[in-house]
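Q: I am new to reading protein structures. Can you take me through one, feature by feature?

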Amino acid sequence: MSQFKSDFLRTLDERGFIHQISDPEGLDALCAKGPITGYIGFDATATSLHVGSLIQIMMLHWLQQTGNRAVTLMGGGTSMIGDPSFKDEARRLLSTEDIAQNISGIRKIFAKYLSYEDGARPAVMANNADWLMDLGYVEFLRDVGRHFSVNRMLSFDSVKLRLDREQSLSFLEFNYMILQAYDFVELNRRYDCVLQMGGSDQWGNIVNGIELGHRMLDKQFYALTSPLLTTASGQKMGKTVGGAIWLNEDMLSAYEFWQYWRNTEDADVERFLKLYTVLPMDEIARLTELAGSEINEVKKILATEVTALVHGRATAEEAAETARATFEQGAIDLSLPTSTVPQGELNAGIGVLAAFVTAGLAASNGEARRHVKAGALKVNDATVEDDRGTLTEADLLPEGVIKLSVGKKRHALLKPQG
């Protein structure tokens, strides 16, 4: 049984979202008394978020679902600087045009999990460029900067890690934690926001905001962080050998997204059902009791439920059917990820290694060659034995495509164009 009385914290606790809370009793009492407003900040460093951000999005989802107001704060201003937290080096600086384009892409994801228009307390999309870009530097130093101790800032793990490694930490980045703390104050002024959430690596930055709110506004703010998740084998969530698992379909197909969750390790299934789906807890308990061969059926349910939230129920079920047809029937499903190759190149013959690179199934010819030596590459379900072989028009199946496979679970189609 959860120790919390409020629906919000009880839900987060039961589902495994809570790592630290600055004042558990105080926040629980406040949430139990009435609706609160909380936020999470997202920097706009790419046109899509990836799976690593899903735990934060789900926290905002449950905040709204339990009757509170959720604020998604886009770092239109802070994205121009970059968060130094646990990074080995400074971020590439982005232009205002880059940031605006990235925010436009990310906005689509939030709308799948949060309601910005309907309900008693619709979510709010805020952008810290609205207040950071117009700040006067001298006034900011006087009114905000004076509340920060450099000695204490140097003690934070996010900064110490860089300094211990003797890696450069620019003054530009060092200001990031001050700006993030000020965001908390500004969101309180505008929306009465009292809670900031984030990953556990953000604890120091969030605590800065709590202290700044107390000093500038004489108000009580709260912090809540989630654990930084890795898979059971220690791999960081959202990253694979094939690259990041993006949430926007124009960067990763719904089928590939579904397949990522279908390949969840056995030890992670129950935890991922709690964190990444909205299935009721009693249903999750029933599913996790299934053992043996049935665990694969549960993984399919996990994959379909997560994909339905991101891409819609119909698209998720289509991805599940594509997988079933491909793996269980050996059929050629034309909804598999498809890459094109110029007709002229195919007529002349394209190297088999280059074909797998073109299809996104290998990062380089060297990686594809290693798969050949391991017997893992297949063309039209036939094992590739010669890494110097070529694919031509003669390899096209009746459907007009060439099926490429790495192992049993990764498939793509190659299609001539022009």
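**Reading a buried serine, a core and a sheet**

A: Start with a side chain. The backbone nitrogen of N248 lies 3.1 Å from a polar atom of the S48 side chain. Keep in mind that this is a predicted model.

Q: Which other backbone nitrogen does the side chain of S48 reach?

A: That of L247, at 3.3 Å. S48 itself is found in the loop between β2 (37-42) and α3.

Q: Is S48 buried or exposed?

A: Buried means under 20% relative accessible area. S48 has 3%, so S48 is buried. Leaving out residues up to four places away in sequence, S48 touches I106, W246, L247, N248 and M251.

Q: How do I read a nonpolar core?

A: In soluble globular proteins, nonpolar side chains tend to be buried together. Here the largest nonpolar core has 68 residues. L224, W261 and Y276 have the most contacts inside this core. Helix α3 (residues 54-65) gives the most to it, with eight residues. A second, separate core has 27 residues, including V124 and M177.

Q: What is Y276 in contact with, beyond its neighbours within four places in sequence?

A: Its contacts include L54, I55, M58 and W261.

Q: And how do I read a sheet?

A: Strands of a sheet pair through backbone hydrogen bonds, either parallel or antiparallel. In this model, five strands form an open sheet with mixed pairing, in the order β9-β15-β14-β11-β12. The edge strands, β9 (338-342) and β12 (382-383), each pair on one side only.

Q: In which sense do β14 and β15 pair?

A: Antiparallel, over five bridges. For L404, the bridge partner in β15 is A412.

Note on methods. Residues numbered from 1 in each chain as written. Predicted model: local features only at pLDDT ≥ 70, side-chain atom pairs only at ≥ 80, totals over all residues. Heavy atoms only, no water. Pairing = 2+ DSSP bridges. Helix = DSSP H or I, 4+ residues; strand = E, 2+ residues; numbered from the N terminus. Core = buried A, V, L, I, M, F, W, Y, C linked by side-chain atoms within 4.5 Å. Buried < 20%, exposed > 50% of the residue type's maximum accessible area, 1.4 Å probe, protein only. Contact = heavy atoms within 4.5 Å. Polar contact = N/O pair within 3.5 Å; in protein donor to acceptor, adjacent residues only side chain to side chain.
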